[in-house]
Amino acid sequence: MEIPKIHEGEYRFCLIMWEHEPIAAAQLVKLCQEQLGWKRTTTYTVIKRLGERGVLKNEDGIVTALVSKDEAQACEINELVEKKFEGSLPAFIAAFTKRQDLSNDELDEVQQMIDRIRKGEVT
């Protein structure tokens, strides 16, 4: 399944939705007003657009995601690697780690992920 593009402002909205779903549209409006400073009409417009693109569904005033946070993030990473690193995951990781101060715990966690992938385990 192709994951629809979620733009930056929409992504901030989705973070709220993912945290609270299933959620009444009216409650989502309130949260978006509090956290994003959006007007009611803006939130309903985003709900409508994301519904049309298959990111969420609004059924009887209850909003639920059709695309998970993990799916959206994976899609964004794939797009970034493809656009900026010519599809090379090692080049992306090399660039990322050059600019990050990774702790020993974080390095251990990454190593454990690599080990699980090598063993064919799902991460």
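Leaving aside its neighbours within four places in sequence, Phe 13 is in contact (heavy atoms within 4.5 Å) with Leu 28, Cys 32, Leu 36, Trp 38, Thr 43, Val 46, Ile 47, Leu 50 and Leu 56. The model is a predicted one, in which local features need pLDDT of at least 70 and side-chain atom pairs count only at pLDDT 80 or more, whereas totals for chains, interfaces and linings use all residues. Residues are numbered from 1 along each chain as its sequence is written, and side-chain values use heavy atoms, with hydrogens and water left out.

Phe 13 is also among the residues with the most contacts inside the largest nonpolar core, together with Cys 14, Met 17, Leu 28 and Val 63. This core, a set of buried Ala, Val, Leu, Ile, Met, Phe, Trp, Tyr and Cys residues joined through side-chain atoms within 4.5 Å, where buried means under 20% relative accessible area with a 1.4 Å probe and protein chains only, has 22 residues. Helices H1 (8–20), H2 (25–36) and H3 (40–52) each supply at least two residues of the core, and H1 gives the most, with six residues. Helices (H or I, at least four residues) and strands (E, at least two) are DSSP runs numbered from the N terminus.

Three strands form an open sheet in the order E1-E3-E2, with antiparallel pairing; two strands pair if DSSP finds at least two bridges between them. Strands E1 (23–24) and E2 (56–59) stand at the edges, each with a single partner strand, so one side of each is left without a neighbour in the sheet. E1 and E3 pair over two bridges, and Ile 23 has Val 63 as its bridge partner in E3. Four bridges join E2 to E3 (residues 62–65), with Glu 59 partnered by Ile 62 and Leu 56 standing opposite Ala 65. E2 and E3 form a hairpin with two residues between them, and Asp 60 in the turn has a positive phi of about 55 degrees.

The largest pocket holds about 750 Å³ of space. On a 1 Å grid over the protein atoms alone, a pocket is an open set of points where a 1.4 Å probe fits, with protein on both sides within 12 Å along at least five of seven lines, and lining residues have an atom within 4 Å of a point; the volume is the space filled by probe spheres set on the points, which are joined across faces, edges and corners. Of the 21 lining residues, the closest to the centre of the pocket are Leu 89, Phe 92, Ile 93, Val 110 and Met 113. H4 gives the most to the lining, with seven residues.

Definitions and conventions:
Buried < 20%, exposed > 50% of the residue type's maximum accessible area, 1.4 Å probe, protein only.
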